[in-house]
Amino acid sequence: MASTASSSRFERLLDAAFATGTLTAIATGGALLGLGWREGEVGRVFRLAGRGLLERLGVTSSAAPLTSDALRYLHPLVIATSWGVALALLVLPLRGIVRPVAALLVAAVYVTLAAEMLPAPLRIGYAVTASVPGAVPIGAALALALLGGGWLYATDEER
């Protein structure tokens, strides 16, 4: 009986983590569009991600334009969702005021890592978010997604 309860709790955590990953993809996608808009081209971040990923593989984006287009939109979705799920698994099990504080702290740590250490393919926004001014909007969106995921998980815990 105890394993069923803990299994059910873990399944609820996973559901909330994947929902938080989806929120992260949505929130950071908006932040990436805003970063591009600030530079005068809304899709700039996505275009640079597609080009950069292909060039890492030794292919010019003009030689494979459809692959570049696919990568430019899939990369941020996959990376943001992955970060959202992973960080939600750390934050969501916490309770009380510790959960929102941890969400803000984890987002700040992500900004620091993105600006200092993470390789471009592991960053939300690829190379565009390699500096603090580029990473801060992503960190803010990540924090909001984690806070929203915490709210979803808290309402699910009440059932």
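Start with the bend in helix 3. It sits at Leu-74 and comes to about 30°, where a bend is the angle between axes fitted to the seven residues ending at a residue and the seven starting there. A proline, Pro-76, follows within four residues.

A word on the source. This is a predicted model, where local features need pLDDT of at least 70, side-chain atom pairs count only at pLDDT 80 or more, and totals for chains, interfaces and linings use all residues. Residues are numbered from 1 along each chain as its sequence is written, and side-chain values use heavy atoms, with hydrogens and water left out.

Now the helix itself. Helix 3 covers residues 65-91, 27 residues in total. Helices here are DSSP runs of H or I, at least four residues, numbered from the N terminus. From first C-alpha to last, helix 3 reaches 39 Å, close to the 39 Å expected at 1.5 Å a residue. That expected span is 1.5 Å times one less than the number of residues.

What is buried in helix 3? The list includes His-75, Pro-76, Ile-79 and Trp-83. Buried means under 20% relative accessible area, with a 1.4 Å probe and protein chains only.

Stay with Trp-83. The structure holds one aromatic pair. Trp-83 and Tyr-110 form it, edge-to-face, 5.0 Å centre to centre, with 70° between the planes. Ring centres must lie within 6.5 Å to pair, and planes over 60 degrees apart count as edge-to-face. Tyr-110 lies in helix 4, residues 98-116, and the partners are 27 residues apart. Both are buried.

Last, the two helices. The axes of helix 3 and helix 4 come within 10 Å and cross at roughly 140°.

Conventions. Buried means under 20% relative accessible area, exposed over 50%, partly exposed in between (1.4 Å probe, protein chains only). Rings of Phe, Tyr and Trp (its six-membered ring) pair if their centres lie within 6.5 Å; planes under 30 degrees apart count as stacked, over 60 as edge-to-face and the rest as tilted. Axes are lines fitted to C-alpha atoms, for helices over the stretch in contact, and angles run from 0 to 180 degrees between N-to-C directions.
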